[in-house]
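Colleague: Could you walk me through this model? I have a few quick questions about it.

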Amino acid sequence: MAHRAARVPALPEPQSPDALYRIEAASTPRAIDATVVIREPEAPQIMSGRAMMREDGSGAIRLIPSVEWAGRSTRLMQLALVESFVGEAGGAVLPESGVQAAYELSTLLSTFGFEGNTAVCEGTVSLVDLKTRSILRQDRVNARIGDNGSGLAPTLKDASEACVEQIADFVETTVANAGS
């Protein structure tokens with residue numbers, strides 16, 4: 001009995017993206033006088049990966065071809081937030097640093113992509129007092145940037161950076177008011 005070798009079709013090579021995008025820190029570093037742990041934002045899995053997406057008119061989610069985030073979008077946002085703060089008596093740190101902190105920032109992104117031609121970064125931010133484990137303040141962030149002619153990916157990058165600015169303002173104001 002002769003054995004025949006089975007032919008397995010070769011899978012196509014994954015395509016490399018034409019461009020990778022980062023999320024930059026706030027344009028002006030915020031000075032805070034307490035240490036804040038910045039947790040990685042929570043988001044539905046489709047929004048928290050490397051793919052950039054948009055919702056079409058029927059409500060279907062479509063990936064934006066040929067572009068990706070340079071890492072998980074939520075991790076990039078976390079790193080941008082940490083880099084957005086300075087302070088002699090404080091600053092922002094990652095949870096894995098093990099530093100004892102006064103506060104912890106928690107972010108829940110509900111939308112991070114496109115609604116039609118508008119790039120949207122929307123969610124809820126909470127600053128928790130780590131001593132009492134109570135919410136010091138909670139608010140909504142909502143950054144919306146219309147198509148500016150630069151393309152889908154750069155417009156989404158702009159919306160994500162506007163979101164970082166709003167979150168940084170929230171933390172700066174809340175920490176300042178907690179200390180007064």
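Colleague: Where is Ser84 found?

Modeller: Keeping in mind that this is a predicted model, Ser84 is found in the loop between α2, which covers residues 73-82, and β6, which covers residues 85-86.

Colleague: And is Ser84 buried or exposed?

Modeller: Ser84 counts as buried, because its relative accessibility is 0%, and the cut-off for that label is under 20% relative accessible area.

Colleague: Which residues does Ser84 touch, leaving out those up to four places away in sequence?

Modeller: Ser84 touches Ala25, Ala26, Thr28, Pro29 and Arg30, and also Val164 and Ala168, when residues up to four places away in sequence are not counted.

Colleague: Switching to the surface, which residues make the nonpolar patch of about 270 Å²?

Modeller: That patch is made by Ile46, Ile61 and Leu63; Leu63 lies in strand β5, which spans residues 61-69, and Leu63 counts as exposed because its relative accessibility is 54%.

Colleague: How many helices and strands are there in the chain?

Modeller: The protein chain has three helices and ten strands, and read from the N terminus the elements run β-β-β-α-β-β-α-β-β-β-β-β-α.

Colleague: What about the overall dimensions?

Modeller: The radius of gyration of the protein chain is 20 Å, whereas a compact globule of 180 residues would have one near 16 Å, and the C-alpha atoms fill a box of roughly 85 × 45 × 25 Å along the principal axes.

Colleague: What share of the residues count as buried?

Modeller: Of the 180 residues in the protein chain, 39% count as buried, and the accessible surface comes to about 10200 Å², with 50% of that belonging to carbon and sulfur atoms.

Methods: Residues numbered from 1 in each chain as written. Predicted model: local features only at pLDDT ≥ 70, side-chain atom pairs only at ≥ 80, totals over all residues. Heavy atoms only, no water. Patch = residues over 30% accessible without salt bridge, like charges linked within 9 Å, V, L, I, M, F, W, Y side chains within 5 Å. Areas by Shrake-Rupley, 256 points an atom, 1.4 Å probe, with all protein chains shown as cover. Salt bridge = Lys/Arg side-chain N within 4 Å of Asp/Glu carboxyl O. Helix = DSSP H or I, 4+ residues; strand = E, 2+ residues; numbered from the N terminus. Buried < 20%, exposed > 50% of the residue type's maximum accessible area, 1.4 Å probe, protein only. Contact = heavy atoms within 4.5 Å. Rg over C-alpha atoms; globule rule 2.2 N^0.38 Å.
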